[in-house]
Amino acid sequence: MSQSEMTRITEIKARACVIRGDDIDTDRIIPARFMKVITFDDMGLHCFEDDRKAAKGLHPLEDERFKGAGILIVGKNFGCGSSREHAPQSLMRFGFSAFVGESFAEIFAGNCTSLGLVCLTLGSDEIETLRESIELEPDQEVQIDVAQATISARTGRLQGEIPAGTRDQLLEGRWDSTSVLLEAGEAIEQTASGIGYIRGY
Amino acid sequence: MSQKGQNLFDKVWQAHKVRELPGGQTQLLVGTHLIHEVTSPQAFAMLRELNLPVRFPERTFATVDHIIPTENQSRPLSDPLAEAMLSELEKNCAESGVTFFGPDQGQQGVIHVIGPELGLTLPGSTIACGDSHTSTHGAFGAIAFGIGTSQVRDILASQCLALARLKVRRIEVTGQLSSGVYAKDVILAIIRKLGVNGGVGFAYEYGGEAIEAMDMEARMTLCNMSIEGGARCGYVNPDEKTIDYLRDRPFSPKGDAFERAAEQWRAVASDPDAQYDDVITLEGEAIEPSVTWGIHPGHNIGVLEEIPTPNRATNEERAGIEEALEYMDLTPGAPIQGTPVDVAFIGSCTNGRITDLREAAKVAQTGHVKEGVRALVVPGSQEVARQAEAEGLDQVFRDAGFQWRQAGCSMCLAMNPDKLIGRELCASSSNRNFKGRQGSPEGRTLLMSPAMVAAAALAGYVVDVREVNSDVAK
Ligand code: SF4
């Protein structure tokens, strides 16, 4: 894949869904027993499966009003725990292309970027405003502007944050890191040749 | 070569930097890449799609750990899904020239147990694996962290990652640990103090008298759970213990090369006047045997303490505590000691090494597993199993009513036949007490040291290991 073929991600326009709660770990997003496969193809089917079962039909992902949402509003430290890319894969295949939360676990956020998914952080007051607005009027379309790191809903435009490096990767279509890394060419072998445990002590 | 005032993280980062990337990230060379069956098959598939070869096949090492059964590892594995994952890994390794440590070769085990054991984990190296507990390898003064599958693809294709630089927090643990207090208790105490989120954006450097006194396996336990504190990697500066451990390992350098390597390893340690972004101190003497009561590792208390009461918590904490207590079905304000357990699990990349089994065996030999308790001992690797059997520990455990199993991740996350059933409550030496982690969507986990797990198995409820046997010395 050459860089020019890559997709620039500048804006997400979709309806949103709210999952309340902090420290939602990747075991909850995709329970480990569904990872016994060698492809990601079916990950979307089991997104939040145990939480959904436990909620007996009351989980936001089963809520008719949120059906078809493309943006997920979450709390603090979303995606903590295991590094499994199965988690963002599962959310992506379920239909989400952006996450808005108070904070994200680092590996989760990194995995999202490599899939071209947006993680936007907002302050706790702004998140609450957004949650209430969306829970009240789930049919509204919200809009994330990646360059500005803002989200606009009926309640207004809220200023959030996307780390500068990630933002540029998304905007410039450099989020698929493999081709970017391969551009370094021979410099990789050169660096390796200076390192004892690689070249021999 | 090193300038004054550098910490180990700075030195390793500099040595492995290939170039700066636009946007402020660094292209970092990953010297040692470890893979397992769960997070690598999709990466190999992506590579094939891109028509790219594995760039440095000699720098990737593979094993099977998550899905391998611990009772019968003969092929084909009885679970066809597990067999398919293992076969796919074998095929990917064979096709690309990657070294694979399979179950029939004697060196298989949990990837974070075998890396150090084989001498693949070396001071001053960068190590990545599609597994968050890669932080374990930091015990040797390596910069080691977990990655996602797309990054596994990146390393296979380029031996590099695009990364933002971490800040470094030094965590000093002063003084001596009391008897019956282990590295597991220290890391739980650190997570309790700094929070499960406290390490986001940081690498943790562990130091101070209590850490320097730890053997290599204790340091691995400590670094293993850095990720549970939000820190993607944690490390201990290499010292003479590190060097002694690495002598005569299958993949460590030999002869004169070893001595040259040891010089470099000593030099990569943080300088005495190194700079840090943050420094935190904990008093070693004050750390008690720790037990979790909730649904993340930060939900832990000393074994003599009481289960938290939500209305004494800050507003911010309250909802989390209520949710945890409801799931765990524990009584706020009650002592954690005396909580009945159904299952006891000793194993995992946190506490499945020989020193862990020795400590647990000391307790096990004082009695018999309580009737009705299911107790499992799962060595972290085939090498650990051999050593334990040579020392007769397997017999000690069997005599005490524990099941002695074969190497694997087992009930740490239950992608294999070892699982909790229904609401079972498990005293576990693993690293995560998340809802559903041990295989039953309603299962419950209490994290503690292996000695504490053994003590709970004998009593049938949580007890202070220091009360069990006054000989349980450090
Ligand atoms: S033992 Fe547990 S934490 Fe360690 S690698 Fe296996 S599943 Fe992961």
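This is a predicted model: local features need pLDDT of at least 70, side-chain atom pairs count only at pLDDT 80 or more; totals for chains, interfaces and linings use all residues.
## The ligand shell

## Reading the numbers

Residues are numbered from 1 along each chain as its sequence is written, while chains are lettered from A and ligands numbered from 1 in the order in which they are written. Local features need pLDDT of at least 70, side-chain atom pairs count only at pLDDT 80 or more, and totals for chains, interfaces and linings use all residues, with side-chain values using heavy atoms and leaving out hydrogens and water.

## Where chain A meets chain B

Let's turn to the two chains. Contact, meaning heavy atoms within 4.5 Å, links 53 residues of chain A with 74 residues of chain B. About 5,000 Å² is buried between chain A and chain B, and carbon and sulfur atoms give 58% of this area (buried area is the accessible area, with a 1.4 Å probe, that two parts lose on being put together, summed over both). On the chain A side, A:Lys36, A:Tyr197 and A:Tyr201 supply 18% of the area buried against chain B, more than any other three residues.

Six salt bridges are counted between chain A and chain B, each a side-chain nitrogen of Lys or Arg within 4 Å of a carboxyl oxygen of Asp or Glu. A:Lys36 also pairs with B:Asp79 in a salt bridge at 2.4 Å, N to O. Because A:Lys36 lies in the loop between H1 and helix H2 (49-54) of chain A, and B:Asp79 in the loop between strand S4 (60-63) and helix H3 (80-96) of chain B, the pair joins two chains. Another salt bridge brings together A:Arg28 and B:Glu323, at 3.7 Å, N to O. The side of chain A that touches chain B divides into 19 nonpolar, 16 polar and 18 charged residues.

## Domains 2 and 3 of chain B

Chain B is assigned domain 1 (8-163), domain 2 (167-286) and domain 3 (292-472). The centres of domain 2 and domain 3 of chain B, taken over C-alpha atoms, are separated by 24 Å. Their contact takes 18 residues from domain 2 of chain B and 28 residues from domain 3 of chain B. Between these two domains of chain B, about 1,800 Å² is buried, of which carbon and sulfur atoms give 52%. Within domain 2 of chain B, B:Tyr182, B:Lys184 and B:Arg192 lose the most area to domain 3 of chain B, together 32% of what that side buries.

How many salt bridges lie between domain 2 of chain B and domain 3 of chain B? The count is two. The side chains of B:Arg432 and B:Glu228 meet in a salt bridge at 2.5 Å, N to O. Over all chains, the structure holds 50 salt bridges.

How values were computed. Ala, Val, Leu, Ile, Met, Phe, Trp, Tyr, Cys and Pro count as nonpolar, Asp, Glu, Lys and Arg as charged, and the others, Gly among them, as polar. Domain bounds come from an automatic or database domain assignment. Helices (H or I, at least four residues) and strands (E, at least two) are DSSP runs, numbered from the N terminus.
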